[in-house]
Amino acid sequence: MPGLQIQRRVKYQEELDADFPRRVADMPGAADLNRCIQCGTCSATCPVSSFMDLTPRRVVAMTRAGFKEEVLRSNTIWLCASCYSCTVECPKGIKITDVMYALKRLAIQERAYPRHFPTPVLAREFFHKVRQTGRSNEGQIATVMILKTNPLKLLRQIPLGLKLLVKGRMSLWTEKMSGNKRQLQDLLDYMDTHKELR
Amino acid sequence: MRFLYYPGCSLKSSGRAYEESLLAVFARLQFPLEELPEWNCCGATAYMGIDEKKAFVLAARNLALAEQHGDGQPVHLVAPCAACYLVLLKTQKYMVEYKPIGRAISDALKSVGLKYRGQVKIRHPLDVLIKEVGLERIRAAVSRPLEGMKIACYYGCQVVRPFAEFDDPHDPMSMDDLLRACGAETVDWPCKVRCCGAMLTGTVEEVGQRRSYMILHEAMRRGVDAVATACPLCQFNLECFQGPMSRRYRDQVEMSVAYFTQIVGKAMGLDERTLGMHRLFIPLRQPPALLGTSHDC
Amino acid sequence: MSQSPACPRIGVYVCHCGMNIAKQVAVEAVTEFAARLPGVAVARHYKFMCSDPGQELIQQDIKESGLERVVVASCSPLLHEATFRKACAAGGLNPFCFQMANIREQVAWVTADKGRATSKAKALIAAAVERVSRAQPLERKRLAVGDKVVIVGGGIAGIHAALTIADAGKKVYLVEREPTIGGHMAKFDKTFPTLDCAACILTPKMSSVKNHPNIELMSYSEVEKVEGFAGNFKITIQKKPRYVHEELCVGCGECVDACVFPKAKFPSEFDEGLALRKPVYMPFPQATPAVVVIDPNTCLQLTKGKCKQKCVEACQRGAIDLKQEPEQVEVEAAAVIVATGFKTFDPRGLPQYGYGRYGNVYTSLEVERMVNASGPTGGEVVLKDGAKPRSVAIIHCVGSRDKKTHPWCSRVCCMYSLKLAHLVKERSGADVFSFYIDMRTPGKGYEEFYDRLLEEGVHFIRGRVSHITDWAMTKAEEGKLVVSAEDSLIGVTRRIPVDMVILSVGLEPQPDAQEVRKKFNISCSQEGWFLERHPKLAPVATFTDGVWIAGACQGPKDIPDTVAQAGAAASEALALIDKGYVEIEPNTAEVDPEACSGCKTCLGMCPYHAIRRDEEKGVAVVNEALCKGCGTCVAACPSGAISQHMFTDDEIYQELEGILSYV
Ligand SMILES: Cc1cc2nc3c(=O)[nH]c(=O)nc-3n(C[C@H](O)[C@H](O)[C@H](O)COP(=O)(O)OP(=O)(O)OC[C@H]3O[C@@H](n4cnc5c(N)ncnc54)[C@H](O)[C@@H]3O)c2cc1C
Ligand code: SF4
Ligand code: SF4
């Protein structure tokens, strides 16, 4: 048996981030967090909660108590599949899926996500592609994502990729949107230059 | 009333069969869908995770473009992809519900000479088929009833929740009604609206695939011929990983997974290629009675 | 102080209401302003005008300064008009020479800016001073009250109230719409927390009702119309045809045996559909009255007009009458007690729980019947296929504490779920899993009952169930109902396969609460629970004098609380009868016979039928006892011949003048 692992668990109040719950609640859909009665319906209906280190209910509780570190470093926010079950089932009408989105954004802002974790990378690739072409291309984005996070896996995915190519379900070039691409880029740039809009 | 069609990126790549069969079915029903010119990516789920407002703006541009085609009348925008459908609905709703979002989006649109007044009705094809076309007309268009075919309707997540209003979020029936009108038998099963794993099948395989596997496992247990889907990602997840799944869970997984529009098209006697059947990894399993009369080319 | 000789001498009193008014309204400035208004002889401000010293100020000034009119600027008249009128009367002034200005609810509490609040208070006081100068001394009328009580609803609340009043020697009409009294309690086997047998404590009360000389039990009946007012109600009751003469039937059941349907075929309402009955049936053996009833929706003769009518033949007493018609009875009553109870939530509204889809998902009320020794299974807990369940899940808060169904806590479900957990375990030996959000056991002996269940080995899982399916993910789950919940104390999600699920459905208002509310002119909360006059200080009174509420129709509650309320309502009704009279407000309408042209316009307009035409004199006359002071006739009279006391044109115009002169 390996040596006894010990770790201090008591969290002193001053170690918590009192501002964190407010920052989360300010995001659209996340305002009702304080009404949570900790019933756990969200966790029970969540299709992937059994893989999460913190169940959605615990994320809600820890967010409103100011456990910023723990929440932003949890795998929960990255495992959330955006299935919206929790949002539909919550008896208090809390939009937990939106809370998960808010936490993902905060984690990216604070660079608190696990290195080589595919989801944030996927999200970034997606962003670049759309800015370039107005469309996304699942095949390419997935390839880049795998290359950046786990290149070995690419080998395993080759048969699937070939099959999709043959079936005409994946293309190597992205179909570009027709017409006014400039307008779309201006639109996205406008959002970048007008931070007050965020 | 105009019905514009918003394909979204997936229906132009992995979900091509969905587009092909959808357009063929609507054409057969003489219910024209025009593709929205100059559309862009909806913003989709992934984008929400980086920059929510940008995601909203991407969706809003499409809505603003669609609105221009209405000449002051409401326009219907048909979005077959579950993710697009949800993001468009969410944008529409949050623009009204959260004033700062509404203002930010309007300002951004204005900067490029666009405006959105909220006059677009976002519809899923299931909704349009049931509520606009009607089961009567569909029944009349069925030339090869799917007798003896047993189907599990799989609605997935985002088509029925949290914003859709055309069907029950817990126990939707629209696809069941539609396929029953085509002569098929549909089963009452508990997986209708349970998540397929969404993009986790690509990012965290063991989590995503388990979802898809459990759903297929249940479909097999219920002895159905096929699972019908209404979303390109669901279709992809359920169909394309059956090999890896069989190995991972030491269970022979084999199940046809087709778009509901492909199955409806089949009942209307449309040919295999038009319906994009050749793009399926696993051919649509059909009861022997139907096979005999099939008009494959 | 200015004073014109024609003006009566007026006193104005500005209340601080602690800081409630004073923190927004400059009370000194307002008082100074009031002192300068025409006719004002005295103007004062005081911390609490409603206190004894406050009231004494008024009385003293009436005596010493010869005040003829009084204005108090304070809170809503709803709260203290009666208080200050009494103070005026005690000082020797007619209580109707008084006017109140509401500068708390209408000013201090709703005006953010102090300057504007002060101005508005001044305007309202100026209006009140102008108005009161035209007020006339009036007299209240006293009316004698009757000594009978109508009680609506024969659940434990109605039964207890009826017996209390009847034992005090007063006559009671107990109106119950079902064929039998007893309400929900009659369906239970045991009651928490003592687990005493429900029938043992309820049926003796039911038969006392039947046999009490002072109680007239009107089962299968509903109130149709209520007229009159506190002390003198006239109530029309409709008796539905039960196709059996109640006074002839002895409940022998010969007719049931003889019915052409050889076997019971239709779901029994009393047994929640778990047992079957014939078209002619007795709801349950202890039904009160012990009289059969024939269901017009299933009886062949009554639906198709074709049947051998074996029941008629079989009844030796000739009690069956398939031609019976509805009957209307009119009774007089001094007081009414509404005790119409509740309904349970229909879990079909939550498809994720599978009720109606999976045969072995039951509601708690169904299981109450199942565990009842005289119920459809003789007290055995069994699955649809007759087998005993080996594991049972009980789901709390179904249709409670949920924005999408009902936001409230139904108060009794935690306790009855504990009771059912005990009974199910006792009867079937099954493993019981109880899924709760919060265990709410606030009552005498309740926490101790929870403790007992913990000891009995029930598995308590703190977590709200998200869904129940037959989706088997493992071998052990096959053929079972799988209950998904987070075990929130452990922090993991669990799937628990069971044979049977019991949904602890919440309590909701009766579906016809709005209609009943209108009939008795009482109020409802938005959800449909009847509204008490004050949530703490008048819990069984309503805003209509002479009408009381008791039991679960006022909100979810258990039997002890229901009975306490029923006792309270009964004694308040008895107090009214004992007092012997009611006073009516003199805000009635009056016809000036000189001006009346006898056109009869007003006769048809009056909603209370209070106006008649004196044929001899050819003019309209208002009956003060019936007039409610609604003012309809005043507005309708084309000759302007009708005026209303306390609201004369003169008073209203003067009040407007007051406000407008200030602005
Ligand atoms: C499953 C379950 C188990 C319970 N177990 C317990 C327990 O063990 N212990 C406990 O203390 N409490 C228990 N309760 C709570 C208990 O049922 C209530 O406290 C009690 O029944 C309230 O009595 P009531 O007379 O106010 O209403 P009800 O019992 O609902 O009676 C109302 C009566 O009024 C009649 N009525 C309704 N509308 C009209 C109308 N318009 N005209 C004429 N008549 C009308 C109805 O037919 C009914 O007979 C339980 C509740 C449930 C749902
Ligand atoms: S379902 Fe809603 S109330 Fe219940 S624990 Fe989750 S967030 Fe809180
Ligand atoms: S939206 Fe995310 S957190 Fe909520 S149930 Fe679905 S996967 Fe779980």
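**Talking through the model**

Colleague: Is C:Thr469 buried or exposed?
Modeller: Its relative accessible area comes out at 7%. Bear in mind that this is a predicted model, where local features need pLDDT of at least 70, side-chain atom pairs count only at pLDDT 80 or more, and totals for chains, interfaces and linings use all residues. Residues are numbered from 1 along each chain as its sequence is written, chains are lettered from A and ligands numbered from 1 in the order written, and side-chain values use heavy atoms, without hydrogens and water. Since buried means under 20% relative accessible area, exposed over 50% and partly exposed in between (1.4 Å probe, protein chains only), C:Thr469 is buried.

Colleague: Which backbone nitrogen does the side chain of C:Thr469 reach?
Modeller: C:Thr469 is in strand E24 of chain C, residues 467-469 (strands are DSSP runs of E, at least two residues, and helices runs of H or I, at least four, numbered from the N terminus). At 3.2 Å, the side chain reaches the backbone nitrogen of C:Trp471.

Colleague: And which chain B residue does C:Thr469 touch?
Modeller: Contact here means heavy atoms within 4.5 Å. Leaving out residues up to four places away in sequence, C:Thr469 touches C:Tyr358, C:Lys480, C:Leu481 and C:Val482, plus B:Pro190.

Colleague: How much area do chain A and chain B bury between them?
Modeller: Interface size is often quoted as the accessible area lost when the parts come together; here that is taken with a 1.4 Å probe and summed over both parts. In contact terms, 60 residues of chain A meet 67 of chain B. Of the buried area, 62% is on carbon and sulfur atoms, and the total is about 5800 Å².

Colleague: Which chain B residue meets A:Arg169 in a salt bridge?
Modeller: The rule wants a side-chain nitrogen of Lys or Arg within 4 Å of a carboxyl oxygen of Asp or Glu. Chain A and chain B have five salt bridges between them. Helices of chain A that each supply at least two residues to the side touching chain B include H7 (96-109) and H10 (151-166). At 3.0 Å, N to O, the partner of A:Arg169 is B:Glu239.

Colleague: What kind of aromatic pair do B:Phe236 and B:Phe241 form?
Modeller: Rings of Phe, Tyr and Trp (its six-membered ring) pair if their centres lie within 6.5 Å, with planes under 30 degrees apart called stacked, over 60 edge-to-face and the rest tilted. B:Phe236 is buried at 17% relative accessibility, as is B:Phe241 at 5%. With 5.6 Å centre to centre and 90 degrees between the planes, the pair is edge-to-face.

Key: Buried area = accessible area lost by both parts, 1.4 Å probe. Polar contact = N/O pair within 3.5 Å; in protein donor to acceptor, adjacent residues only side chain to side chain.
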